[in-house]
Amino acid sequence: GLSCQHLPSLAVIEVNLGMPEPDVITEELMREVRNALTHLYDPAYLQTSPLLPLVEDEATGDRALRAKRLRHCLVACIEALKPEGGVEEARVSSRVYPVMHYRYIDGLSMEEVARKRALSLRQTYREHRAGLEAVCSLLCETNYPRTALAPPAIASASTMPQPSWRS
């Protein structure tokens, strides 16, 4: 089942999917995050995503706004992977961040990402999995709806990065 420790709105998901121990990144959560990232620019899909309770409480009625918030949250999680800190942190994130950015923000296939990064496809999938785990962890650790996302900050779709194939 999906898992995040501090979000009471996950009760609905808990009933439907069962909740493992807190702080556990489950395959179900990884699958739902991967699905949402794959449909990052598809508002109709995001409006029905089971991840919506992770980014805000269900009291907000506007489904389109909820989908924009989820997209903004997922993009923010990927951007949070951008290298900043010490040497070891930069070494790991410098491999993971471009894979996640090219794959989901730019909308490239895994084969195109591998070519662009000069990695084998197998290594690209390893980096991709590490990136998915990091995004899942960030979703669980960050209380986005109450801190980072105010409606005006995401009201305009023009502020969202668009994949290169949509330009």
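Which residue lies over the face of Tyr102, and at how many Å from the ring centre?

Reply: Happy to. This is a predicted model, so local features need pLDDT of at least 70 and side-chain atom pairs pLDDT 80 or more, while totals for chains, interfaces and linings use all residues. Residues are numbered from 1 along each chain as its sequence is written, and side-chain values use heavy atoms, leaving out hydrogens and water.

Your ring has Lys116 over its face, 5.2 Å from the centre of Tyr102; the test asks for NZ of Lys or CZ of Arg within 6 Å of the centre and within 35 degrees of the ring normal.

For the setting, the protein has nine helices and zero strands (DSSP runs of H or I with at least four residues, or E with at least two, numbered from the N terminus). The largest nonpolar core holds 30 residues, and Val33, Leu74 and Met100 are among those with the most contacts inside it. Such a core joins buried Ala, Val, Leu, Ile, Met, Phe, Trp, Tyr and Cys through side-chain atoms within 4.5 Å, with buried meaning under 20% relative accessible area for a 1.4 Å probe, protein chains only. Helix α5 gives the most, seven residues. The buried residues of α5 include Leu70, Leu74 and Ile78, along with Arg66, Arg69 and Arg71.

Beyond neighbours within four places in sequence, Val33 is in contact with Leu51, Leu132, Val135, Cys136 and Leu139, where contact means heavy atoms within 4.5 Å.

How values were computed:
Buried < 20%, exposed > 50% of the residue type's maximum accessible area, 1.4 Å probe, protein only.
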